[in-house]
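Work through the exercises below with the model open. Try each task before reading its solution.

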Amino acid sequence: MSLTGLKQKTNEIIYSNIIKRIAFKFDAERVHNSFTLVGRFLGSNFLTRKIIEFDFSYQNKKLEQNILGIHFRNPIGLAAGFDYNADLVKILPGVGFGFGTIGSVTHGKYGGNEKPRLGRLPNSRSLLVNKGLKNKGAKAIAGKIKNIEIEIPLGVSIAKTNCKETCDEKEGIKDYINCIKEFEKVNVGNYYELNISCPNAFGGEDFTEEKKLDRLLTETDKLELRKPLFLKMPVDFSVRKTEELCNIAKNHKVEGLIFGNLTKNRKRKEFDREEMKRAGKGAFSGLPTKEASNKLIAFVRKKYKRRFVIIGLGGVFSAQDVYEKIKLGADLVQLITGMIYNGPSLIGKINYRLTKLIEKEGFNNIREAVGKGLIKV
Ligand SMILES: Cc1cc2nc3c(=O)[nH]c(=O)nc-3n(C[C@H](O)[C@H](O)[C@H](O)COP(=O)(O)O)c2cc1C
């Protein structure tokens with residue numbers, strides 16, 4: 001076994017047999033907060049960053065890509081929802097991520113929906129989420145990261161403040177725009193994700209209504225953003241409804257699409273029925289989102305060719321899962337749930353195995369594999 005393989009195996013054993021066993025006995029949100037504190041500490045000094053990097057990270061030239069003028073050292077990113085207050089930006093490269101998204105950030109801060117707002121469904125390989133966009137607000141977060149040097153591309157996920165007032169369309173648009181402006185002012189981050197698909201906030205996914213989306217994007221166009229804008233799309237929409245939204249997006253300054261957000265569909269076949277009976281309020285991540293996200297990625301790549309950069313996410317637990325999304329048409333891939341169930345060594349392991357997969361199929365680099373396995377949708 002190579003040194004890389006040995007490190008990955010050891011980290012995996014430690015996570016599955018010790019850390020996860022203990023952590024999964026405690027409330028999911030408390031564990032997440034504790035892991036964030038540890039991650040923030042590990043990222044806070046050069047030595048701990050280098051130790052983590054030596055232990056976890058795997059780099060290979062074949063995984064590098066330049067997309068929209070941004071250099072990605074590998075295609076695996078941390079999705080929005082794990083680091084909402086930008087505490088982990090210094091440790092992400094060491095863990096092996098090629099890029100990461102903070103947030104979702106909203107213009108006004110929000111303390112979160114009523115607890116419990118995070119739960120585990122291990123048999124379904126899913127998480128129950130009802131955070132409702134808990135975060136410290138755009139001004140505080142932009143101010144916090146403006147002087148931090150970050151080694152990898154950083155995305156800022158922008159959402160609408162979770163309150164009754166922003167359910168009004170005009171107020172909602174103003175709120176999104178004010179949030180983006182806070183980040184434009186300090187010029188941090190490499191791309192924006194406009195989150196129009198948060199399933200557990202006031203007003204629901206109101207900007208997934210075509211005319212409203214059109215009016216929102218007309219306003220973001222006016223900002224003449226210095227960075228590419230991605231739309232974070234719902235995963236539960238049909239191909240037809242998704243097409244309608246893409247037809248709006250293609251007429252605006254939207255460079256990319258992200259498929260997709262959490263699922264609200266409790267009837268998905270991947271759910272363990274007993275776990276579902278116990279599940280409270282919220283929407284779900286992980287395996288139950290995988291098939292729907294893959295279908296939408298494949299559809300959009302086929303229909304819109306290279307009009308949009310596509311970030312695929314939902315139910316990524318292995319290099320095979322990543323490779324599937326890439327071959328269906330995703331340029332980049334993000335994850336959260338896979339890391340919670342398989343541990344942080346998953347990122348290095350995916351990158352290592354992904355390199356082997358592309359070599360095995362005769363591709364010289366990851367770019368060559370994008371969209372090479374299109375399916376009929
Ligand atoms: C705890 C948690 C919080 C999330 N919060 C957000 C969020 O604030 N904004 C957002 O765009 N997506 C959010 N998501 C959705 C994820 O970004 C992702 O779309 C979804 O979890 C599917 O990916 P996964 O299966 O790899 O977790 C959240 C997901 C989880 C698990």
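**Exercise 1. Trace the barrel.**
Which strands close into a barrel, and in what order?

*Solution.* Eight strands close into the barrel, in the order E3-E4-E7-E8-E9-E10-E12-E13. Their pairing is parallel. Ignoring direction, neighbouring strands of this sheet are turned by 25 degrees against each other on average. Keep in mind that the model is predicted.

**Exercise 2. Walk across the pairings.**

*Solution.* 
- Step 1. Begin at strand E3, residues 76-78, which runs parallel to E4 and is joined to it by two bridges. Here glycine 77 stands opposite phenylalanine 99 of E4.
- Step 2. Go on to E7. E4 pairs with E7 in the parallel sense, over four bridges. Isoleucine 102 has valine 156 in E7 as its bridge partner.
- Step 3. Now take strand E8 (residues 191-195) and strand E9 (residues 229-233). Four bridges link them, again in the parallel sense. Leucine 194 has leucine 231 in E9 as its bridge partner.

**Exercise 3. Describe the ligand shell.**
Which residues come nearest to the ligand, and which elements each supply at least two shell residues?

*Solution.* 
- Step 1. E4, strand E6 (126-129) and helix H12 (337-342) each supply at least two residues of the shell.
- Step 2. Sort the shell by residue class: 13 nonpolar, 13 polar and two charged.

**Exercise 4. Judge the overall fold.**
What radius of gyration does the chain have, and what would a compact globule of 377 residues have?

*Solution.* 
- Step 1. The chain has a radius of gyration of 19 Å. A compact globule with 377 residues would have one near 21 Å, so the chain agrees with that.
- Step 2. Along the principal axes, the C-alpha atoms fill a box of roughly 60 × 45 × 45 Å.
- Step 3. Buried residues make up 49% of the chain.
- Step 4. Take the contacts between residues at least 6 apart in sequence. Of these, 77% join residues at least 24 apart.
- Step 5. Finish with the inventory: 14 helices and 13 strands.

How values were computed: Residues numbered from 1 in each chain as written. Predicted model: local features only at pLDDT ≥ 70, side-chain atom pairs only at ≥ 80, totals over all residues. Pairing = 2+ DSSP bridges. Axes fitted to C-alpha atoms, helices over the stretch in contact; angles between N-to-C directions. Rg over C-alpha atoms; globule rule 2.2 N^0.38 Å. Buried ≥ 20, exposed ≤ 12 C-beta atoms within 10 Å, placed from the backbone. Contact = placed C-beta atoms within 7 Å. Nonpolar A, V, L, I, M, F, W, Y, C, P; charged D, E, K, R; others polar.
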